Amino acid sequence: MPTDTAPGPLRVLVFGASLRGDSTNARLAALVAQLVADAGATADLTSLGDFEMPLYNGDVDAAQGPPKGALDLRDRIERCDGFVIASPEYNASVPGVLKNAIDWVSRVQPQPLKDKNAMLVSASPSLSGGNRGLWALRVPLEHLGTRVYPDMFSLANAYQGFADGGRLADPRLQQRLSDTVGSFLSLVESSVRYASLQRRWYEFLADCTDAPITQRAQD
Ligand code: FNR
């Protein structure tokens, strides 16, 4: 059963997975964070570069556990109701830095990616927009129990894809991204808030009966 949510706006972590200073994926992450905020949710915009981690090493893990960067990323994931990754595609797959971060975070117990809703977006100068990398990224995330939103967004020709002010140069693509973010937020809201409503319903019933709350909630 999903955990209850804090009251107030939905909290969405958005991070770019490129360490490059002029990253198009960082720009796409910033645009998604703006759309999240426009929709009334709270966006926590960051970059994978804010979470320093060495290459995964089982000996280091056994001796010291996950590094501070992985624990910080775990904290940010735990605090959100859903997250968005804007990731480049490297050699038709997931960039090593992102896979390395997922591997470190997956070593933290309880594993924070389980049961979180996630949406994937990419930007690339190529015609595919980095979409193959997102399909590859689904594999470790779904393996870890993340609910990866079915619809993804990939920006092709990304070096020419942004207008001044950070919006997409093509208004149809801007609308498509906005619609996708809106649909994702609806899913996050129903997934997070429905659990809350269900629990309150059971608690109300439990007020009138002797049945334990947990037993009724599992019926
Ligand atoms: C790339 N790039 C790339 N692009 C793509 O569409 N498909 C690919 O398979 C690859 N492979 C690839 C491998 C490596 C090692 C590098 C460094 C780059 C190009 C990549 O999309 C481009 O550098 C983007 O600008 C990276 O995203 P950021 O840094 O702009 O966010």
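In this predicted model, helix α5 buries Gly133, Leu134, Leu137, Arg138, Pro140 and Leu141. Buried here means under 20% relative accessible area.

Now take the helix as a whole. α5 covers residues 131-143, 13 residues in total. From first C-alpha to last, α5 reaches 19 Å. That is close to the 18 Å expected at 1.5 Å a residue. Just after the helix comes Gly145, with a positive phi of about 90 degrees.

Next, the ligand. Around the ligand stand 15 residues. Ser18, Ser23, Glu89, Ser124 and Tyr159 come nearest. The shell divides into 5 nonpolar, 7 polar and 3 charged residues.

Ser23 places a polar side-chain atom 2.6 Å from a ligand oxygen. Ser124 likewise has a polar side-chain atom 2.6 Å from an oxygen atom of the ligand. At Glu89 the ligand contributes a nitrogen atom, which lies 2.6 Å from an N or O atom of the side chain. How much of the ligand does the protein bury? Taken alone, the ligand exposes 620 Å², and the protein buries 73% of that area.

Terms used
Residues are numbered from 1 along each chain as its sequence is written. This is a predicted model: local features need pLDDT of at least 70, side-chain atom pairs count only at pLDDT 80 or more; totals for chains, interfaces and linings use all residues. Side-chain values use heavy atoms; hydrogens and water are left out. Helices (H or I, at least four residues) and strands (E, at least two) are DSSP runs, numbered from the N terminus. The expected span of a helix is 1.5 Å times one less than its number of residues. Buried means under 20% relative accessible area, exposed over 50%, partly exposed in between (1.4 Å probe, protein chains only). A residue is near a molecule or strand if one of its heavy atoms lies within 4 Å of it. A polar contact is a pair of N or O atoms within 3.5 Å; within protein, one must be able to donate a hydrogen and the other to accept it, and residues adjacent in sequence count only if both atoms are side-chain atoms. Accessible areas come from the Shrake-Rupley method with a 1.4 Å probe; for residues, only the protein chains shown count as cover. Ala, Val, Leu, Ile, Met, Phe, Trp, Tyr, Cys and Pro count as nonpolar, Asp, Glu, Lys and Arg as charged, and the others, Gly among them, as polar.
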